[in-house]
Protein chains: 2
Amino acid sequence: MAATDRRTEILKSAAAAFRRRGYHGASVDEIASALAMTKGNLYYYFRNKEDILYACHEYSLDILLLLMREVLDEPIAADEKLRKLILAFVHLILDELQGTALTLDPEALSPPLFAKVIAKRDEFDRGMRAIIQQGMDDGLFAKGDPKMMEFAMMGAVNWISKWFDPSGPMTSQQIGESFADYLVGQARVAALK
Amino acid sequence: MAATDRRTEILKSAAAAFRRRGYHGASVDEIASALAMTKGNLYYYFRNKEDILYACHEYSLDILLLLMREVLDEPIAADEKLRKLILAFVHLILDELQGTALTLDPEALSPPLFAKVIAKRDEFDRGMRAIIQQGMDDGLFAKGDPKMMEFAMMGAVNWISKWFDPSGPMTSQQIGESFADYLVGQARVAALK
DNA sequence: CTACGATTTAAACGGTCGTTCAAACCTGTG
DNA sequence: CACAGGTTTGAACGACCGTTTAAATCGTAG
């Protein structure tokens with residue numbers, strides 16, 4: 001098996017453990033055992049535990065930023081852009097690295113790594129707010145504080161990983177659509193008066 | 001100083017530490033040092049660390065449930081009820097025990113204590129959904145899955161404690177109103193049409 | 001002032017966990 | 001078959017942390 005495959009396997013196991021127990025609550029041994037390997041072996045692929053957490057964030061933030069840049073360039077209305085991003089975000093959170101992105105406590109990272117994560121997150125936040133601002137300017141959304149609105153939307157989505165049950169009745173697709181309906185709808189309706 | 005005061009002092013310090021570092025990341029010593037006491041001293045007031053976490057949850061959930069029962073009995077429209085609850089919830093999260101309520105990882109509790117927290121949380125969830133359902137029946141809210149709508153609203157609010165900066169420009173009051181406007185907003189405007 | 005209960009301290013204990021390391025193992029090439 | 005590089009193991013370490021305990025200290029009623 002290629003070393004890069006092994007690395008992402010570890011990332012998935014780690015992300016799942018971090019989501020269940022938090023960074024400090026999950027043990028390196030727990031991450032390794034889920035893959036039927038010894039914990040010492042993990043150190044052949046990663047420098048240390050923090051490095052694994054950082055890789056989790058980087059992995060999903062890079063996917064997210066790629067998507068953001070794509071969507072920003074599409075010639076569609078702001079509400080459509082938001083909907084697309086929310087759907088993709090929910091899919092990423094639930095189906096890729098289990099609930100990573102902004103969820104896995106990044107404050108556990110040391111300052112230099114933390115700063116790199118924050119920089120990427122900021123780019124994403126700026127993109128979201130630009131879209132929201134554009135929607136307000138175009139009269140699609142009710143006027144308000146784009147920052148608060150973005151925090152509300154991202155909070156709702158990030159929180160999904162706290163209650164999502166893969167064996168439950170809702171698929172990630174259904175959840176994504178429900179959330180997109182509500183979150184974009186709330187931004188929009190007031191302007192319809 | 002009365003023993004009960006000392007206990008809530010400890011709860012506040014613990015809640016702040018748990019919010020910053022998570023339950024496993026925060027040390028008992030850290031909680032004690034912030035109050036200029038020794039960690040051994042904490043064990044005069046609490047049986048163990050888990051007991052402190054449980055008390056945090058109980059403290060804020062009890063306040064929340066009291067409020068929920070009050071609001072449910074008021075003779076006002078569903079959107080007004082939601083707005084009231086959101087405002088109070090934001091205030092509780094930001095100004096009382098720093099970001100407790102549903103935020104402080106309850107899954108770190110042992111099964112019996114966890115079950116008690118979940119029972120209280122369930123009562124709150126049922127109240128929220130009953131209000132949302134009523135709002136949909138009355139034509140105040142767009143039809144949809146009340147469960148998803150509740151999850152979205154609670155996620156947005158719970159997430160606030162992840163980004164809130166007490167020394168930032170927004171007061172908890174302003175944040176609460178912004179969130180209430182966005183999350184239940186459409187009802188007010190729709191009624192004006 | 002004394003005595004007693006409530007409170008606090010400081011040190012020690014076990015246990016867990018992240019990390020290291022030398023040795024063993026595996027796999028494919030010459 | 002022998003060798004070499006990459007991979008895995010298992011044990012050991014040192015540090016940290018939750019908890020316990022016995023003794024010290026404090027505050028107050030008599």
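Predicted model: local features only at pLDDT ≥ 70, side-chain atom pairs only at ≥ 80, totals over all residues.
**Stop one: helix α1 of chain A.** Select residues 3-21 of chain A, a helix of 19 residues that reaches 27 Å from its first C-alpha to its last, close to the 27 Å expected at 1.5 Å a residue. Then colour its buried residues, which are Ile10(A), Leu11(A), Ser13(A), Ala14(A), Ala15(A), Ala17(A), Phe18(A) and Arg19(A). Moving just past the end of α1(A), select Gly22(A), where the backbone takes a positive phi of about 85°.

**Stop two: the surface near DNA strand D.** Show DNA strand D together with the 15 residues around it, of which Gly40(A), Val28(B), Gly40(B), Asn48(B) and Lys49(B) come nearest. Two or more residues of this surface are given by each of α3 (39-45) of chain A and α2 (28-33), α3 (39-45) and α4 (49-73) of chain B. If you colour the surface by class, you will find five nonpolar, six polar and four charged residues.

**Stop three: where the two protein chains touch.** Select the 30 residues of chain B that are in contact with 29 residues of chain A. On the chain B side, α7 (146-163), α8 (172-184) and α9 (186-192) each supply at least two residues, and the largest share, ten residues, comes from α7(B). Coloured by class, this side of chain B shows 17 nonpolar, nine polar and four charged residues.

Technical notes
Residues numbered from 1 in each chain as written. Chains lettered and ligands numbered in written order. Near = placed C-beta within 6 Å. Helix = DSSP H or I, 4+ residues; strand = E, 2+ residues; numbered from the N terminus. Nonpolar A, V, L, I, M, F, W, Y, C, P; charged D, E, K, R; others polar. Expected span 1.5 Å × (residues − 1). Buried ≥ 20, exposed ≤ 12 C-beta atoms within 10 Å, placed from the backbone. Contact = placed C-beta atoms within 7 Å.
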